[in-house]
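Please keep the sequence and the model at hand while reading.

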Amino acid sequence: MKNPNTVIVQLENISKTFRTRTSFLTGASKEVVALNRVSFEIFKGEIFGLVGESGSGKTTIGRLMVKLETPDSGKLWVDGNDIAHIKGRKLKNFRRKVQMIFQDPYQSLNPYLSVFDSVSEPLVVHNVGDSKTRRDRVRQSLHAVGLSPPDDLFYRYPHQMSGGQRQRIAIARAMVLEPEFVVADEPTSMLDASIAIHIFNILSDLRKKFKVTFLFITHSLAAARYLCDRIAVIYKGEIVETGPAEDIIQNPQHPYTQALIKAHPRFRHAIKRDITR
Ligand SMILES: Nc1ncnc2c1ncn2[C@@H]1O[C@H](COP(=O)(O)OP(=O)(O)OP(=O)(O)O)[C@@H](O)[C@H]1O
Ligand SMILES: [Mg+2]
């Protein structure tokens, strides 16, 4: 792989096809090529945007990176590990260092766990600290996502909070182990625009404070431009363009990217209001 001091994630010709049963009786099945020879890398400390329309393969890439899915072919390195061959103690360490934030916070939060239990659970699983240290870490993590004074929130349940608060709890849970790399899969698509910007600013602060690297998945070029250093544009399972966010917006090379920008009136003067469209 490339220099592990500067590169945290590297994909080389990653392909993935899903097979789904279409008939219970005949056992007939259908194949969907989700990813076709995808290659790019993410540098340490950056917020890297993966932009594309629905069904283009964004979530599949995110799930591969956190090892919730395995590629059919190609090479994938994350945080110095070849993901295909990681087992045992190394895998446990990997699970600690690499986290994912989902589009729907209910996917990361157990509705039966209080805020404190949800955010402290990763510490318990990885055997980090005694109960006092855990309390402090939970408090710090909630504070880092702008939820303070956090003690009021400790014993609330997900359904007793707003969507924006729930997503912040999910982010706090992802951050409590101080990961190196976090996949944020459309973390604001269920929230309204003002809260989305608030969440973007939280991610940006977390990157600065904890030196964590983010893959930010979005269907919105405007959101990617607001938050990301570099962007990859994905179209039907293939990366069509990669580069610094501003270069891609100002000088798109691929017809699909050009179409995305054209579909976005006033894009060149992107205003915050556009971000969650
Ligand atoms: N577990 C699965 N089984 C079968 N097909 C799948 C599975 N997961 C994804 N797919 C298919 O793979 C393709 C890519 O899906 P993916 O979820 O990665 O897209 P996406 O870019 O995240 O879309 P969205 O923006 O709607 O979330 C789609 O055609 C999808 O139907
Ligand atoms: Mg998705």
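The buried residues of helix α3 pack against α4 (131-144) and α5 (163-175). Helix α3 covers residues 115-125, and its buried residues are V115, S118, V119, S120, P122 and L123. A residue is called buried if 20 or more other C-beta atoms lie within 10 Å of its own, exposed if 12 or fewer do, and partly exposed in between, with C-beta atoms placed from the backbone. Packing rests on contacts, and two residues are in contact if their C-beta atoms, placed from the backbone, lie within 7 Å. Helices (H or I, at least four residues) and strands (E, at least two) are DSSP runs, numbered from the N terminus. After α3 comes N127, whose phi is positive, near 60°.

This is a predicted model, in which local features need pLDDT of at least 70 and side-chain atom pairs count only at pLDDT 80 or more, while totals for chains, interfaces and linings use all residues. Residues are numbered from 1 along each chain as its sequence is written, and chains are lettered from A and ligands numbered from 1 in the order in which they are written.

The chain as a whole contains 9 helices and 10 strands. Its radius of gyration, taken over C-alpha atoms, is 19 Å, close to the 19 Å that the globule rule gives for 277 residues, so the chain is as compact as a globular protein of that length. The globule rule is 2.2 Å times the number of residues to the power 0.38. Of the 277 residues, 39% count as buried. Among contacts between residues at least 6 apart in sequence, 68% join residues at least 24 apart.

An open sheet of 4 strands has the order β2-β1-β4-β5, with antiparallel pairing. Strands β2 and β5 (81-82) stand at the edges with a single partner strand each, so one side of each has no neighbour in the sheet. Helix α1 packs on this sheet and touches β1, β2 and β4; its direction makes about 65° with that of β2. That angle lies on a scale from 0 to 180 degrees between N-to-C directions, with axes fitted as lines to C-alpha atoms, for helices over the stretch in contact.

Strand β8 (residues 213-218) is mostly covered, as 6 of its 6 residues are buried. On one side these are T213, L215 and I217, and on the other F214, F216 and T218. In a regular strand the side chains alternate between the two faces of the sheet.

| Strand pair | Sense | Bridges | Facing residues |
|---|---|---|---|
| β3 (47-51) and β8 | parallel | 5 bridges | F48 and L215 |
| β7 (181-185) and β8 | parallel | 5 bridges | A184 and F216 |
| β4 (73-78) and β5 | antiparallel | 2 bridges | V78 and N81 |

In helix α7 (residues 221-227) lies L221. L221 is buried, with 28 other C-beta atoms within 10 Å. Leaving aside residues up to four places away in sequence, L221 touches V51, I249, L260, I261 and H264.

Around ligand 1 there are 13 residues, of which F18, S54, K58, T59 and T60 come nearest. A residue is near a molecule if its C-beta atom, placed from the backbone, lies within 6 Å of it. The largest share of this shell, 3 residues, comes from α1.

Terms used. Two strands pair if DSSP finds at least two bridges between them.
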